[in-house]
Amino acid sequence: MLAKRIIACLDVRDGQVVKGINFEGLRSAGEPAALARRYNEEGIDELVILDVTATLEKRRAMANTVRSVAKELFIPLCVGGGIRDADDAAAVVEAGADKVSLNTAALTNPDLITRLASQYGSQAVIVAIDAKRAGDGYAVYARSGTTAASRDAVEWAREAEDRGAGEILLTSIDRDGTKIGFDCEMTAAVSRAVNIPVIASGGAGSFDHFVDVFSEGRADAALAASIFHYAEHSVSGLKRHLHDRGIPVRQ
Amino acid sequence: MAIALIDYGAGNLTSVRKAFHHLGADIFTPGAPGDLAEAAAVIVPGVGHFSATRTLTANWHAAIRGGIAAGKPLLGICVGMQWLYEGSVEAPECPGLGAIKTRCQRLSGGIERLKVPHVGWNTLRFPKTAALFAGVAPDASVYFTHSFAGPVTAETAAIAEYGEPFAAAVEDGLVMGVQFHPEKSGETGLAILRNFLRLVASREPVLG
C-alpha cells in the first residue's frame, strides 16, 4: 500500500538551518547535513531544503549545502527557494537535488514549469503554492507571502498540473507558524482538483494534525519543519501515531 | 571491469551514479555502443517519458543484447525497466528491447480511482526467489514515481499494489529491472543495488 509521506523541511540561510533547532546530542545542530542525517535515521521519507538566503552572492553557497546533504542521503531530496530560471534549477539538480520547487518564478513565468518538466521529467518539478483564505476561495501570494498574485489556489494548482508539474506543495499562510493544525479544507479542495500528489504545509503542532490532514485534508504528503526539532515530536513517534490510527506510513 | 551506465538524455543520472559510487562500484558512461565491450554489466536508467528511449538506436539494442548473450548482467531502472519490455503505450512508436514479451500500460488507479502518477513509498512482495532481493525483508518499502508499468508476468520478481498489482521488478536470468528508484530508497534500495553488484562480481571470472 502506498504510504503517506512525511517530509521534513530545512530552512537554510548562509549554509545553516535557521528555524528553531533544539536537537539534543547533535554536535552541530544548525548544520544541514547533520540534521538531514538525523531525520534520515528517524525514518523521514523525503527532505526539502528551502533556501531563505536573501542575496544572490550567498546563494552560490546553496549548491554546496545541497551537495553535502545529497552526498550521504539516498532518499528523495527537493530544493526550493529563489529558483528563478532554468540555470538556477540546473545548478541544484547538478548538486544532487531530485526535485526543484518553484514558487514565485512559476507565477511570473509559468512556461518555466513546462520547460523544466520536459528537461527533467514532471517528477522533478514541484510547484509550491502559498495561499490564504479569501472569501469562498484561497488567494495565492508570491514573494514569500508578501505579494498577492491575483490567482486562486485551486485554479493555479490545476494550471500547474496542466503545464507539467509533478506535485503541488501547498502552504497555508494563515496557519504557517501557528501550530493550530493544517488548513484541511484548503488542502482537500486542491487535492480533489488535481491528479498529482499534494503536499500539505503550514500549521503542524501535534501528531493529530497529521492524522487530520491525511484523512479529511486528503493530503498525499505532509511537510513540517520545527515540530520535529523537539524530541517528543520525533519522526518515528509521528509514524507510530499515524500507523496506530490506520494511516499507511513507511516504517 | 567497470559497469556501463547508459546516458540517453533522460533526466539526470546524478543520483544513480552517486549511489553506485557510494557502494564502491566503478561506473562509466559509454559514448557509443561499441564501448559496452569493455563493460562488466550494463545499467539502463531513466526517468521521464518513454519516448526518451528512442535515442537507444538499433546499434545500442544489438550491443546490449550481445552483452546479455556474453553473460553480462543488465539492470533497467524505472523507464529503463520499462524499456526491457516490447514497448510502452506511453510512446508506442519506440521499440523496447523485447526481453519481456508484453508491453507496459498506464496505471489505471483501480476502482478507488487513485491519483496517477504513483508517487511515494510502497511495499513489495516477492512471487519468486530473485538475486536482486536476497536478504530484503518481505514488505520492504521502496520509492516509486511513475505513471506506466509492466503487467505481472513469469519474469516478475517483485509486485507492488496501486489500485492493481503491477511488476515492481523483473528478473529473468541476467536481465533485471526495477520500476522503483533503488538510488532513492534508503537502505533497502542500497541493499538491492549491492545485490546487483555482487552478481556482477560473481560473473567477472566467467567474463575474464
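1. Two strands count as paired here if DSSP finds at least two bridges between them. In this predicted model, strand E10 (residues 198–201) of chain A meets that definition with E11(A), the two pairing in the parallel sense over three bridges. Ala200(A) has Ala222(A) as its bridge partner in E11(A). Between E10(A) and E11(A) the chain passes through helix H8 (residues 207–215) of chain A, in a right-handed β-α-β crossover.

2. E11(A) also pairs with strand E1 (residues 5–13) of chain A, in the parallel sense and over four bridges. Here Ala8(A) stands opposite Ala224(A).

3. In a regular strand the side chains alternate between the two faces of the sheet. From strand E11 (residues 221–224) of chain A, Ala221(A) and Leu223(A) point one way and Ala222(A) and Ala224(A) the other; all are buried.

4. Helix H1 (residues 32–42) of chain A has as its buried residues Pro32(A), Leu35(A), Ala36(A), Tyr39(A) and Asn40(A). Seen down the axis of H1(A), these fall within an arc of 140°, so they line one face of the helix. Gly43(A), with a positive phi near 100°, follows H1(A).

5. In chain B, three strands make an open sheet of mixed pairing, in the order E5-E6-E9. Strands E5 (85–88) and E9 (148–149) of chain B are at the edges with a single partner strand each, so one side of each has no neighbour in the sheet. E5(B) pairs with strand E6 (residues 100–106) of chain B in the parallel sense over three bridges, and Ser88(B) has Cys104(B) as its bridge partner in E6(B).

6. The contact involves 24 residues from chain A and 27 residues from chain B. On the chain A side, twelve are nonpolar, five polar and seven charged.

Notes
Residues are numbered from 1 along each chain as its sequence is written. Chains are lettered from A and ligands numbered from 1 in the order in which they are written. This is a predicted model: local features need pLDDT of at least 70, side-chain atom pairs count only at pLDDT 80 or more; totals for chains, interfaces and linings use all residues. A residue is buried if 20 or more other C-beta atoms lie within 10 Å of its own, exposed if 12 or fewer, and partly exposed in between; C-beta atoms are placed from the backbone. The arc is that of the directions from the helix axis to the C-beta atoms. Two residues are in contact if their C-beta atoms, placed from the backbone, lie within 7 Å. Ala, Val, Leu, Ile, Met, Phe, Trp, Tyr, Cys and Pro count as nonpolar, Asp, Glu, Lys and Arg as charged, and the others, Gly among them, as polar. A crossover is right-handed if, with the strands pointing away from the viewer, the path from the first strand over the helix to the second runs clockwise.
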